[in-house]
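Subject: Model for you to look at

Hello,

Here is the structure I promised to pass on. Please open it first, then read my notes below.

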Amino acid sequence: MEGQELPYVLVDCIGGKHGVYEDHVEFLEKHFRLITMKEYLENKKFLSEKIRAVYMWYHKPVINKELLQSLPNLKIVASSGVGIDHLDLNLLSSYGVKLSNTPFVVSTDSADLGVALMLASSRRLVEGHQMAVSPDTEYFPADWLGAELSGATLGIVGMGTIGYKVAERAKAFEMKILYHNRNQRNKEEESAVGAIYCKKIDDLLHQSDFVLLSVNLTPQTHKLIGKRELELMKPTATLINISRGLVVDQDALVEALQNKVIKAAALDVTYPEPLPRDHPLLKLKNVIITPHIGSATKKTRRLMMENMVESIQAGLTGLPIPNEVSL
């Protein structure tokens, strides 16, 4: 694009808690003229006609009707990560704006974290660490026991790319793998990981020692796991959520954990994020919570950024958009 003006791309900010990573800026600025929301609002009259794409990092900047109305030449919104529940797809479609995300690049790290949470919960690693470093510890009790993964039954709810990678890893632990999905995988894929399809989620919940959630948040999966579903699980079972917080009814989960309806939970996602500091989930010893870090490795975040650049470039030149989301 030498000799040509770089495309103007709107970002929320650079650096800080939710901004574009500072070590990504050099790469981005080789391809785009980055405009922060602050710059845009200060010079809206000139920039509104210039901006042709939005680079959405950590769900920022927020895409609403007011913003779309003010950007008449906007062609594409590139959103980082897999989930698109933070976006109004009908609104984007009504303005003729295309959308992309980065679903495949995050799958390996997210699957790794799902297994890490399963291991940490089953072997009580957080409790063990606290015991080992506590100034009050005089000895390690011999009856302080966890649960083994080998030979246990893992139920995966949502056998997409991430769910399937979890199954690949669980196979190495010699786990029995059940899965529930909108569509059954083909026989070759099932055979490769030894997975058994459960058409009804209830069948999976009844049998599983660990239930791992890896679904997109949609109206159909909103509070998919509630009081009824938790009561179907074994009292020795653990719930692992690496999808979205709203896939689980948190009030029902708190009650189930407090009353030993299920044994434990390991959550990379909650609602809201972070939880209020007085939330009961934060006080339970049988819960592990991580700060939504499924894709949080340097390599993956770099690949996400590069994927978004490719999508924006394609969207601005009329080429097929990698990872385009159907609106």
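The end C-alpha atoms of residues 115-294 lie 11 Å apart, and this span is 32% helix and 16% strand. Helices here are DSSP runs of H or I with at least four residues, strands are runs of E with at least two, and both are numbered from the N terminus. UniProt lists residues 115-294, in an unreviewed entry, as "domain: D-isomer specific 2-hydroxyacid dehydrogenase NAD-binding". For residues 22-325 the end C-alpha atoms lie 27 Å apart, with 40% helix and 15% strand. UniProt positions follow the numbering used here, feature names are shortened, and annotations may be inferred rather than shown by experiment.

Two notes on the source. This is a predicted model, where local features need pLDDT of at least 70, side-chain atom pairs count only at pLDDT 80 or more, and totals for chains, interfaces and linings use all residues. Residues are numbered from 1 along each chain as its sequence is written, and side-chain values use heavy atoms, with hydrogens and water left out.

The sheet

Seven strands make an open, parallel sheet, ordered β8-β7-β6-β9-β10-β11-β12. Strands pair if DSSP finds at least two bridges between them. The edges are β8 (195-197) and β12 (287-289); each has a single partner strand, so one side of each lacks a neighbour in the sheet. On average, neighbouring strands are turned by 15° against each other, direction ignored. β6 (residues 153-157) pairs with β9 (residues 210-213) in the parallel sense, over four bridges. I156 stands opposite L212 in β9.

Helices on the sheet

Helix α8 (residues 161-172) lies across β6, β7 (176-180) and β9, and runs at about 170° to β6. Helix α12 (residues 250-258) lies across β10 (238-241), β11 (264-267) and β12, at about 140° to β11. Axes are lines fitted to C-alpha atoms, for helices over the stretch in contact, and angles run from 0 to 180 degrees between N-to-C directions. Contact means heavy atoms within 4.5 Å.

S110 sits in helix α6 (residues 107-122). At 9% relative accessibility, S110 is buried. Buried means under 20% relative accessible area, exposed over 50%, and partly exposed in between (1.4 Å probe, protein chains only). Neighbours within four places in sequence aside, S110 contacts I162, I242, G294 and S295.

Aromatic pairs

Rings of Phe, Tyr and Trp (its six-membered ring) pair if their centres lie within 6.5 Å; planes under 30 degrees apart are stacked, over 60 edge-to-face, and the rest tilted. The count is five aromatic pairs. W57 and Y58 form an edge-to-face pair, 6.2 Å centre to centre with 85° between the planes. W57 is buried at 3%, whereas Y58 is partly exposed at 35%. Y179 and Y197 form a tilted pair, 5.2 Å centre to centre with 50° between the planes. This pair links distant parts of the chain: Y179 is in strand β7 and Y197 in strand β8, 18 residues apart. Y179 is buried at 0%; Y197 is partly exposed at 21%. Ring pairs also link Y21, Y55, W57 and Y58 into a cluster.

Cysteines

How many disulfides are there in the whole structure? The search finds zero, a disulfide being a pair of cysteine sulfur atoms within 2.5 Å. C13 is partly exposed at 27%, and C198 is buried at 5%.

Best wishes
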